[in-house]
Amino acid sequence: MSAQKNTPPPNPIDACVRENLEAFFSDLDGQEPHSMHEMLIKLVEKPLFEIVMREAGGNQSKAAQWLGINRNTLRRKLTDHNIG
């Protein structure tokens, strides 16, 4: 009988990101990507801020606290993403 490690199940967000990155590289068909970090941050930030703002009832102070960022940073990001 082999010893089983108590590893947690994969995080669904992590799995989603991994799956989509695999598809992204497959779609590149050998071409090299450019500015991936910036692209991914922009793609993730917008839905993150939209959902957090909704769940915080539009309260920017609460949303900033939940996100662990300064309220002014949140306001700038909301403007950058045309949210609110």
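What percentage of the 84 residues in the protein chain is buried? Buried residues, defined by a relative accessible area under 20% (1.4 Å probe, protein chains only), make up 17% of the chain. The model is predicted: local features require pLDDT of at least 70 and side-chain atom pairs pLDDT 80 or more, while totals for chains, interfaces and linings use all residues. Residues are numbered from 1 along each chain as its sequence is written, and side-chain values use heavy atoms, with hydrogens and water left out.

The protein chain contains four helices and zero strands, arranged along the sequence as α-α-α-α. Its radius of gyration is 18 Å, well over the 12 Å given by the globule rule for 84 residues, so the chain is more spread out than a compact globule. This radius is taken over C-alpha atoms, and the rule is 2.2 Å times the number of residues to the power 0.38. Helices (H or I, at least four residues) and strands (E, at least two) are DSSP runs, numbered from the N terminus. The C-alpha trace spans about 50 × 40 × 20 Å along its principal axes. Of the contacts (heavy atoms within 4.5 Å) with a separation of 6 or more, 28% join residues 24 or more positions apart.

The chain exposes about 7,200 Å², of which carbon and sulfur atoms supply 52%; accessible areas were computed by the Shrake-Rupley method with a 1.4 Å probe. Lys-77, located in helix 4 (residues 71–80), counts as buried at 19% relative accessibility. Apart from its neighbours within four places in sequence, Lys-77 is in contact with Glu-45 and Phe-49.

The structure holds one aromatic pair. The ring centres of Phe-24 and Phe-25 lie 5.8 Å apart and their planes stand at 85°, so the pair is edge-to-face. Pairing requires ring centres within 6.5 Å, with planes under 30 degrees apart counted as stacked, over 60 as edge-to-face and the rest as tilted. Phe-24 is partly exposed at 24% relative accessibility, as is Phe-25 at 42%; exposed denotes over 50%, and partly exposed the range between buried and exposed.

Most residues other than glycine have a negative phi. Ser-35, which is not a glycine, has a positive phi of about 55°. Ser-35 is placed in the loop between helix 1 (12–28) and helix 2 (36–55) and is partly exposed at 38% relative accessibility. Asn-82 likewise has a positive phi, near 55°. Asn-82 lies in the segment after helix 4 and counts as exposed, at 71% relative accessibility.

Definitions and conventions. Phe/Tyr/Trp six-rings, centres within 6.5 Å; stacked < 30°, edge-to-face > 60°.
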